[in-house]
Number of protein chains: 2
Amino acid sequence: MSAGGDVEKVVIVGSGPAGWTAAIYSARANLDPLCLIGVPRTDPAPVLPGGQLMLTTEVENYPGFPEGITGPDMMQAFQKQAERFGSRVRGVDVTACEFGERPFKLTTSENDVVLAESVIIATGATANWLGLDNELRLATSGGGVSACAVCDGALPMFRDQPLAVVGGGDSAMEEASYLAKFASTVYVIHRRDSLRASQAMQDRVLSNDRIEMVWNSQVVDVHGEKMIETIELEDTQTQERRHLAVKGLFIAIGHTPATSFLEGSDIQLDDEGYVVVKGGSSHTNLEGVFAAGDVADPTYRQAITAAGMGCQAALDAERWLSEH
Amino acid sequence: MSAGGDVEKVVIVGSGPAGWTAAIYSARANLDPLCLIGVPRTDPAPVLPGGQLMLTTEVENYPGFPEGITGPDMMQAFQKQAERFGSRVRGVDVTACEFGERPFKLTTSENDVVLAESVIIATGATANWLGLDNELRLATSGGGVSACAVCDGALPMFRDQPLAVVGGGDSAMEEASYLAKFASTVYVIHRRDSLRASQAMQDRVLSNDRIEMVWNSQVVDVHGEKMIETIELEDTQTQERRHLAVKGLFIAIGHTPATSFLEGSDIQLDDEGYVVVKGGSSHTNLEGVFAAGDVADPTYRQAITAAGMGCQAALDAERWLSEH
């Protein structure tokens, strides 16, 4: 393992909306950014350079595209824009970071070391999935399986239809409440006979006529060729199986921020592994290290919010660099 | 003045990137938003529905448009997208707000009252201008006059050219530092013989070889037919006039957030008049009142950051409404 001689002004780790926006802004600020965009992998779920939108068929809520745009087309446009202004790109993962002294050292999956005066972490988060083959097939083909009600709930195919949400926490209850505005019925599938969600959230869901709890049940398969038709449920106590007809399945069993490569560094993560940023900015607890997008956002997780944070990170890094 | 009978779930005040993004997201969340987009005016500087981008020729840094897009085309796309999902639009200003009890009451420039369960304030901010006819003419026609170095500094026409910045505060120094990466020389024109900027910022600027201070001077006219050619300076002590050849003029004498209609309400503003939001969210000090975009952002002021905040405001309002 050898360290390259040149010290980069800004290294951007990640290649979703936050990473590319940080690249656009830092390239335009003459910082000559190097983007480490990751390598494709499939285990435990597909992860591609470009992030979660690479697995998204139609994006209707990113402002500026009134007719919608596919996730991959959108990410291609972001990358093209970043490269137009001179961003450099390497298809490597970062496997370890040393932020103890400057320049910072990032070890890549090609086993070399990148030196950097400042780093923008924009590695995103991935939705947790049940891990069923048919679930992922229908999720990545627009077949009615999703991990984001805000993104997909308003699609015409879900209007006045029976839908299911899997999960028992606050965000599952939020997804169910959100979907109940569109659906005929929202089934909430939960493995246990009580919820982990806060009492307020439980009250809201349990009092909603359109939401029906399905206790002690887990989804063991998803059926349907092009579009979801039924989910197969197993009773967690009796192991009995049955089919439930739904037009949409929303998986709400949490997200995993991509921060394992930060282990051993002094960067502050919250209990769930998200990078902690100072409210309304991209500043982490470490000077010269910035974070943007879903890796630092357990709340909103939208392409447009991630892109906004990417811009903030580039401007924060630019100001920080010109002060140091 | 009479109050309409219907109570709106969400009223969005303003029609820049933040307002339209809030509309897209709240319309998709079935909140049937009403957008009060303002009326055009010209005094003291042009203000149009659509906000500052309506006066911007080319936007190169909004992610998703690798070839750039004009400001008006971009705002038209945002509006079309908001309307596609059912946002309703009224071309009125809000002249007064009562947030003391719910429903909130917004008085419009047509002298009626709109009742609202929740309000998203996205009225933006305007750059302060010198108030010279030629300045505004060249600013709105892409003639080399701008109020935003981050937006326009990277344009090819400014590379290796003499540029001028007007102002003496921290943001003027930031603009000058930023532009010094591109320009041959950056003249900082200041009315006095010392700066208001912080010492650190002064040190940075005064030690930069490419930045030249022009003390005790004010810009009294801007010359050039299609593109700026010279600025006319008046010595504030001797009243002598001279011409300085520049290819770009950046006005950095502050911004004015559009919050005068909030006077008399209990909403918390900072010393400069910006709406205060809780870090990393759109929550103001008043429950049910949210703010997004430049009206609540003295720091970043970009279309993409405003749009991200608009999304946050819609999601915050949706969650707040479903809890109340």
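The area buried between domain 1 and domain 2 of chain A is about 680 Å², and carbon and sulfur atoms give 58% of it. Buried area here is the accessible area, taken with a 1.4 Å probe, that two parts lose on being put together, summed over both. On the domain 1 side, A:Leu55, A:Thr57 and A:Gln302 lose the most area to domain 2 of chain A, together 42% of what that side buries. This is a predicted model, in which local features need pLDDT of at least 70 and side-chain atom pairs count only at pLDDT 80 or more, while totals for chains, interfaces and linings use all residues. Residues are numbered from 1 along each chain as its sequence is written, chains are lettered from A and ligands numbered from 1 in the order in which they are written, and side-chain values use heavy atoms, with hydrogens and water left out.

Domain 1 of chain A covers 7–126 + 255–323, and domain 2 of chain A covers 129–251; such bounds come from an automatic or database domain assignment. The C-alpha centres of the two domains lie 31 Å apart. Eight residues of domain 1 of chain A are in contact with 11 residues of domain 2 of chain A, where contact means heavy atoms within 4.5 Å. What is the count of salt bridges between domain 1 and domain 2 of chain A? The count is zero, a salt bridge being a side-chain nitrogen of Lys or Arg within 4 Å of a carboxyl oxygen of Asp or Glu.

Next comes a sheet of chain A. Five strands form an open sheet in the order β10-β17-β11-β12-β13 of chain A, with parallel pairing. Its edge strands are β10 (145–146) and β13 (211–214) of chain A, each of which pairs on one side only. Helices (H or I, at least four residues) and strands (E, at least two) are DSSP runs, numbered from the N terminus, and two strands pair if DSSP finds at least two bridges between them. Strand β12 (residues 185–189) of chain A pairs with β13(A) in the parallel sense over four bridges; the partner of A:Ile189 in β13(A) is A:Val214. Helix α5 (residues 170–180) of chain A lies across β11 (162–166), β12, β13 and β17 (248–251) of chain A, and runs at about 170 degrees to β11(A). For such angles, axes are lines fitted to C-alpha atoms, for helices over the stretch in contact, and angles run from 0 to 180 degrees between N-to-C directions.

The area buried between the two chains is about 4800 Å², of which carbon and sulfur atoms give 50%. A:Arg28, A:Pro66 and A:Tyr300 supply 16% of the area that chain A buries against chain B, more than any other three residues. Between chain A and chain B there are 40 residue pairs in polar contact, both at pLDDT 80 or more.

In one of them the side chains of B:Arg319 and A:Glu174 meet at 3.4 Å, N to O. The structure holds 26 salt bridges over all chains. B:Arg319 lies in helix α7 (residues 303–323) of chain B and A:Glu174 in helix α5 of chain A, so the pair joins two chains.

In chain B, strands β6 (residues 94–98) and β7 (residues 104–108) run antiparallel and are joined by four bridges, with a hairpin of five residues between β6(B) and β7(B). The loop between β6 and β7 of chain B holds B:Pro103, and the peptide bond joining B:Arg102 and B:Pro103 is cis, with omega about -5 degrees.

Key:
Polar contact = N/O pair within 3.5 Å; in protein donor to acceptor, adjacent residues only side chain to side chain.
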